[in-house]
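Have a look at the model first, then read on.

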Amino acid sequence: METSGGCLCGEIRYRAKELPIWASFCHCGMCRKATGAPVMSFVEFADKVFEWLSGKPESYLSSEGAVRRFCRTCGSTLTFEMDGRTFISLGSLDHPERIEIQRHCYTRFRLPNVNLADGLPEFEGPSGDKGGQPLDWSPE
């Protein structure tokens, strides 16, 4: 199964040639700042199955070894990449409804008004051995 998506304006397109490894809601402060959303949803793929089809996203080194990519025209958050994995933003997928979110990570940074009543497993940091290792960043 192929997964495809792109940015809001259509300048950038991508695809992943296999099923995702997993999908998660991330509550860390870095994702919150990068997206402007209280919670970010990522879908993880191995780098070797991911490719950019058109356009060239801008990159930002958000922490050591972690690159975030976005569209320079419309500002869409596209990926978070580290450790040989590409985490695609769920909202940038063509069919986000096909993805089943499996967990919450970095819940120790969860905003107090975000109610987690979905019954998914919750991890205060990265979800077990899975997921990126963003810095425990939170504005003072």
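A quick definition to start: a residue counts as buried when its relative accessible area is under 20%. Keep in mind that this is a predicted model. A pair of aromatic rings is described by the distance of the centres and the angle of the planes.

**The overall picture**
- The structure holds 7 aromatic pairs.
- One of them joins Tyr14 and Phe50, with 5.6 Å from centre to centre and 35 degrees between the planes, and it is tilted.

**Tyr14 and Phe50**
- This pair links distant parts of the chain, since Tyr14 sits in strand β2 (residues 13-16) and Phe50 in strand β5 (residues 50-54), 36 residues apart.
- Phe50 has 11% relative accessibility, so it counts as buried, because the cut-off is under 20%.
- Tyr14 is buried too, at 0% relative accessibility.

**Trp22 and Phe87**
- Here the ring centres are 6.3 Å apart and the planes stand at 70 degrees, so Trp22 and Phe87 make an edge-to-face pair; the angle needed for that label is over 60 degrees.
- Distant parts of the chain are linked again: Trp22 belongs to strand β3 (residues 22-26) and Phe87 to strand β9 (residues 85-89), 65 residues apart.
- Trp22 is buried, with a relative accessible area of 4%, and Phe87 is buried as well, at 2%.

**A cluster of rings**
- Which residues do ring pairs link into a cluster? They are Trp22, Phe42, Phe80 and Phe87.

Terms used: Residues are numbered from 1 along each chain as its sequence is written. This is a predicted model: local features need pLDDT of at least 70, side-chain atom pairs count only at pLDDT 80 or more; totals for chains, interfaces and linings use all residues. Side-chain values use heavy atoms; hydrogens and water are left out. Rings of Phe, Tyr and Trp (its six-membered ring) pair if their centres lie within 6.5 Å; planes under 30 degrees apart count as stacked, over 60 as edge-to-face and the rest as tilted. Helices (H or I, at least four residues) and strands (E, at least two) are DSSP runs, numbered from the N terminus. Buried means under 20% relative accessible area, exposed over 50%, partly exposed in between (1.4 Å probe, protein chains only).
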